[in-house]
Amino acid sequence: MQTTSSPPHGLEPQTGIVPPPPLSAATPESLLGAMPESPVSGPAGVAFFDFDGTLIHGDSLPMFVGEVIGRRRAALALADAIRSALHRHVRGRGPGCDFPGSVKAIYLKRTLRGLPVADASAAAERMVPRVRWHQPMLDVLKEHRRQGRRVVIATGALDLYMPALLRGLEVDDLLATGMEVVDGRLTGRLSTANCVRLDKAERVTGWIASHGPVAATWGYGNHPSDLPMLALMHKGEVVRIRRRSNPR
């Protein structure tokens, strides 16, 4: 559900993770085997991390919906949302600002509308042991913390379940996609902008303006959806996860 674009100058996709600075050509496997003694150097500042496809394998939203309505129904609902969004965009009536946004809006409305917040919280707790963490990026996050930097997660994932998944990671702040709640139930509509692409970059820009001055910024995300955010950073790195299991 991502659009394609060419990376801006200085943000060419990497096959692994290259902590800043010094740069290296290390692959995820080599980072798993032996993290450098001080892989992240430089002045104190803030490190921004994407979540889906950066800190974890895959997309957390279908996993959450699967905990709510069952995995098979969640998969069928996603396929139906893609078809519906395609038909609406052909007629110029997509509910989102782009095709992936329309898919997400339709998917959320059809699967989460009317869900009690308490049930959403319970589903979030059931997700916790199922998440497949990307260990090299967890190590980078922890190294930023060790060097005294603030850590902010900026993600299109929902604020309904992210706090449960981030528990214990010493994250300073969370920028996520909010869901509207009325009388203790989800309406199926968003309460914030969808925190991806340009909207994510705007949220990050606002955070920096509100919490500055910031000595230096690092950013980690995937291609192409996080390029607008990474372009804001003093050092932005594109992360690509190879298909393998990395337990936390």
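Helices (H or I, at least four residues) and strands (E, at least two) are DSSP runs, numbered from the N terminus. Proline 213, for instance, sits in the loop between H8 and S6. The model is predicted. Its open sheet has five strands in parallel pairing. Its largest nonpolar core has 47 residues, and the structure holds eleven salt bridges.

**Sheet**

- The strand order is S3-S2-S1-S6-S7.
- Strands S3 (173-177) and S7 (235-238) stand at the edges. Each has a single partner strand, so one side of each is left without a neighbour in the sheet.
- From one strand to the next, the twist averages 15 degrees.
- Strand S1 (residues 46-49) and strand S6 (residues 217-221) run parallel and are joined by four bridges.
- Phenylalanine 48 has glycine 219 in S6 as its bridge partner.
- Helix H8 (residues 197-211) packs on the sheet and touches S1, strand S2 (150-158), S3 and S6. The direction of H8 makes about 150 degrees with that of S2.

**Nonpolar cores**

- In soluble globular proteins, nonpolar side chains tend to be buried together.
- Within the core of 47 residues, Phe49, Leu55, Phe64 and Tyr161 have the most contacts.
- Leaving aside neighbours within four places in sequence, phenylalanine 64 is in contact with Leu112, Ala120, Ala123, Ala124, Met127, Leu158, Leu160 and Tyr161.
- Another core, of 14 residues, lies apart from the largest one. Among its members are Phe48, Leu227, Met229 and Leu230.

**Salt bridges at glutamate 67**

- Glutamate 67 meets arginine 126 in a salt bridge (3.2 Å, N to O). This pair links helix H2 (residues 60-69) with helix H5 (residues 117-127), and the two residues are 59 residues apart.
- Glutamate 67 also forms a salt bridge with arginine 130, with the closest N and O atoms 2.8 Å apart. Arginine 130 is in the loop between H5 and helix H6 (135-146), 63 residues apart from glutamate 67.
- Glutamate 67 counts as buried because its relative accessibility is 16%, under the 20% cut-off.
- Arginine 126, at 40% relative accessibility, counts as partly exposed. Arginine 130 is partly exposed, with a relative accessible area of 28%.

**Other salt bridges**

- Aspartate 80 forms a salt bridge with arginine 110, with the closest N and O atoms 2.4 Å apart.
- Aspartate 80 lies in helix H3 (residues 71-90) and arginine 110 in helix H4 (residues 99-112), so the pair ties together parts that are 30 residues apart in sequence.
- Aspartate 80 is partly exposed at 30% relative accessible area. Arginine 110 counts as partly exposed at 43%.
- A network of salt bridges links Asp50, Lys200 and Asp226.

**Backbone exceptions**

- Most residues other than glycine have a negative phi, and most peptide bonds are trans.
- The peptide bond from glycine 212 to proline 213 is cis, with omega near 0 degrees.
- A cis peptide bond also runs from histidine 223 to proline 224, with omega near 5 degrees. Proline 224 lies in the loop between S6 and helix H9 (227-230).
- Glutamate 170 is not a glycine, yet has a positive phi of about 55 degrees. Glutamate 170 lies in the loop between helix H7 (162-166) and S3. Glutamate 170 is exposed because its relative accessible area is 57%, over the 50% cut-off.
- Arginine 197 has a positive phi near 50 degrees. Arginine 197 is in helix H8 and counts as buried at 15% relative accessibility.

Methods: Residues are numbered from 1 along each chain as its sequence is written. This is a predicted model: local features need pLDDT of at least 70, side-chain atom pairs count only at pLDDT 80 or more; totals for chains, interfaces and linings use all residues. Side-chain values use heavy atoms; hydrogens and water are left out. Two strands pair if DSSP finds at least two bridges between them. Axes are lines fitted to C-alpha atoms, for helices over the stretch in contact, and angles run from 0 to 180 degrees between N-to-C directions. Contact means heavy atoms within 4.5 Å. A nonpolar core is a set of buried Ala, Val, Leu, Ile, Met, Phe, Trp, Tyr and Cys residues joined through side-chain atoms within 4.5 Å. Buried means under 20% relative accessible area, exposed over 50%, partly exposed in between (1.4 Å probe, protein chains only). A salt bridge is a side-chain nitrogen of Lys or Arg within 4 Å of a carboxyl oxygen of Asp or Glu.
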